[in-house]
Amino acid sequence: MSAKAPGGTTALARTWDNVGKHSFVPEHYEFSDQSALMAYIKADPVAQIFATHEGEMHLTSAPFIHAPKPGNDTRLAGHIAGRNAYGDAIKAGVEAVAQFISPGAYISPRWFRENITAPTFSYVSVQARGRFVPILDADETLLILAKTVDHMEALTSAHDGAEPWCMTALTAEQLMRYIPMVQAFYFEVTALEGIARLNQEKTKADMEGIIEGLSGQGNAGAQHIASLMNTNLKRVAN
């Protein structure tokens with residue numbers, strides 16, 4: 001298995017020692033390759049972001065895009081609605097945590113073929129810690145909006161085959177109206193950490209049973225986890 005993919009750790013004999021620095025990550029579920037973590041964010045770019053400002057806790061969602069700069073290849077950028085209360089925290093340049101998580105799935109013991117243990121929940125997530133740098137310039141704000149739209153359109157059009165939409169379809173008047181309505185920002189990442197709970201500690205037979213069980217479920221989370229597990233299982237077999 002390759003460490004560059006979610007759950008791509010080698011074999012089933014690893015320890016349960018916690019290898020996470022900022023979050024709970026048993027070694028079995030380690031997901032730490034930086035390029036793979038960034039690839040995960042690009043594929044699932046919406047995060048829950050948490051920060052404290054002036055004694056208040058703030059939590060909101062925002063789309064992020066990769067915005068590297070010299071000396072910081074993991075820098076991100078994003079935006080929220082300007083009237084979002086979180087905007088004050090961004091303008092203050094506070095430290096924050098952004099949590100990216102794709103659909104997960106319940107794992108039933110009914111699917112185990114060898115070792116019947118308790119049920120669990122499988123998921124993959126990436127945690128980015130860093131500091132906000134507010135964007136106050138209109139042109140730079142527009143650039144972040146345009147790049148965000150381009151990125152999101154590329155993700156959706158890749159699935160439906162449609163021609164991507166871009167912000168050049170809007171009039172200058174529309175653009176000038178939208179810019180003051182958003183608060184754009186850079187997010188200077190200081191730590192990036194992931195976890196991939198994909199049943200890597202189980203036997204090949206149990207992993208096959210889980211994949212079969214998940215594949216029979218109709219929800220997106222089950223299908224997503226089954227696909228990731230199947231990719232890892234092929235690596236084990238090789």
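In these legends, a residue counts as buried when its relative accessible area is under 20%, as exposed when that area is over 50%, and as partly exposed in between, with a 1.4 Å probe and protein chains only. The model is predicted, and local features need pLDDT of at least 70, side-chain atom pairs count only at pLDDT 80 or more, while totals for chains, interfaces and linings use all residues. Residues are numbered from 1 along each chain as its sequence is written, and side-chain values use heavy atoms, with hydrogens and water left out.

**View 1. The whole chain and its elements.** The secondary structure of the chain comes to six helices and eight strands, where helices (H or I, at least four residues) and strands (E, at least two) are DSSP runs, numbered from the N terminus. Read from the N terminus on, the elements follow the order β-α-β-β-β-α-β-β-β-α-α-β-α-α. The C-alpha atoms fill a box of roughly 65 × 45 × 30 Å, taken along the principal axes, and 44% of the 238 residues count as buried.

View 2. Side chains of opposite charge can pair when their charged atoms come close. A salt bridge is defined here as a side-chain nitrogen of Lys or Arg within 4 Å of a carboxyl oxygen of Asp or Glu, and a search of the whole structure finds six of them. One joins glutamate 212 to arginine 113, with the closest N and O atoms 2.5 Å apart. Because glutamate 212 lies in helix H5 (residues 204-215) and arginine 113 in the loop between strand E6 (105-107) and strand E7 (120-135), this pair ties together parts that are 99 residues apart in sequence. Glutamate 212 is exposed, at 55% relative accessibility, whereas arginine 113 is partly exposed, at 44%.

View 3. Glutamate 208 and lysine 204 form a salt bridge with an N to O distance of 2.7 Å. Both residues lie in helix H5, where they are four residues apart, about one turn of the helix. Glutamate 208 counts as partly exposed at 28% relative accessibility, and lysine 204 is also partly exposed, with a relative accessible area of 39%. Salt bridges that share partners join Arg113, Lys204, Glu208 and Glu212 into one network.

View 4. Asparagine 72 sits in the loop between strand E3 (56-66) and strand E4 (76-81), and at 11% relative accessibility it counts as buried. Contact means heavy atoms within 4.5 Å, and, leaving aside residues up to four places away in sequence, asparagine 72 touches Glu188 and Val189.

**View 5. The nonpolar cores.** A nonpolar core is a set of buried Ala, Val, Leu, Ile, Met, Phe, Trp, Tyr and Cys residues joined through side-chain atoms within 4.5 Å. The largest one holds 44 residues, of which Phe64, Tyr86, Phe100, Phe132, Phe187 and Leu214 touch the most other members. Helix H6 (residues 220-237) supplies the largest share of this core, six residues. Apart from this core lies another, of seven residues, among them Ile65, Ala67, Ala77 and Ile135.
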